[in-house]
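Hello,

Here is the structure for your files. My notes on it follow below.

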Amino acid sequence: MDLYLTQWLTLIAVFFLAVLSPGPDFVMAVRNSVIYSRRAGLWTALGFGLGVLVHVTYTIFGISAIIAQSILVFNIIKWAGALYLIYFGFMALRSKGMGQKVIDEATAKSGSAKGMSDIRALRAGFLTNVLNPKATLFFLAIFSQIISPQTPFIWQAVYGLTCSFMVTIWFSAVTMVLTHKHVQAVFLKATKWIDRVCGVMLIALGVKVALSTPH
């Protein structure tokens with residue numbers, strides 16, 4: 001129990017960094033919450049959470065199957081994930097943040113906003129997350145450090161649901177912030193420094209993943 005609890009807390013800490021670092025989901029959250037409505041932003045956030053469940057499901061079952069078949073293949077995939085984390089970290093360090101430009105560009109492309117239904121907003125969030133190929137390598141890198149043949153299914157489910165919950169909560173919070181004009185500019189400016197911190201931590205994590213011993 002202590003082992004799985006420690007792994008769960010580690011997952012929360014690491015995944016929190018990934019969620020904070022702005023990416024495609026963030027852009028979609030900006031677009032739907034600012035152009036359409038706070039409600040649309042919240043449904044989009046739920047779509048992100050459902051998308052994460054898809055990634056987590058195939059990653060966990062895939063890792064379990066790979067471990068059972070070949071430790072060599074598993075380690076190759078683990079290295080690919082580690083290199084992606086390092087690359088992702090360097091890109092975050094070079095990032096200039098999102099800034100007002102994201103909102104301006106989204107607004108310019110939107111034309112006349114006539115509202116967005118709950119289903120449409122949910123679908124937009126879900127597809128944005130699910131169709132992001134970078135998420136596959138990220139989850140492989142993270143779960144290759146947590147999942148083993150001995151990990152009970154209930155804990156695997158806890159790990160997956162935790163990631164989904166964190167994404168939904170974070171982007172719901174982003175939506176609430178972005179729909180308050182007084183704090184919007186400050187928040188967008190802060191994304192640059194969020195990326196800096198996350199970049200350092202993700203590079204460190206990538207190195208740790210690469211140097212870790214097999215299960």
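A salt bridge here is a side-chain nitrogen of Lys or Arg within 4 Å of a carboxyl oxygen of Asp or Glu. By this rule the model, which is predicted, has one salt bridge. D118 pairs with R39, with 2.7 Å between the closest N and O atoms. D118 sits in helix α6 (residues 118-130) and R39 in helix α3, so the pair ties together parts 79 residues apart in sequence. Helices are DSSP runs of H or I, at least four residues, numbered from the N terminus. D118 is partly exposed, at 22% relative accessibility. R39 is exposed, at 52%. The cut-offs: buried is under 20% relative accessible area, exposed over 50%, partly exposed in between (1.4 Å probe, protein chains only).

Now the cores. A nonpolar core is a set of buried Ala, Val, Leu, Ile, Met, Phe, Trp, Tyr and Cys residues joined through side-chain atoms within 4.5 Å. The largest has 45 residues. F15, F138, F139, F143, Y159, C163 and F171 touch the most other members. α8 gives the largest share, nine residues. F171 contacts (heavy atoms within 4.5 Å) V19, D25, F26, A29, A45 and F48, leaving out residues up to four places away in sequence. A second, separate core has five residues, including I35, Y36, A40 and M116.

In α2, the buried residues are D25, F26, M28, A29, V30, N32, S33, I35 and Y36.

Residues are numbered from 1 along each chain as its sequence is written, and side-chain values use heavy atoms, without hydrogens or water. Local features need pLDDT of at least 70 and side-chain atom pairs pLDDT 80 or more, while totals for chains, interfaces and linings use all residues.

Best wishes

Conventions
Helix = DSSP H or I, 4+ residues; strand = E, 2+ residues; numbered from the N terminus.
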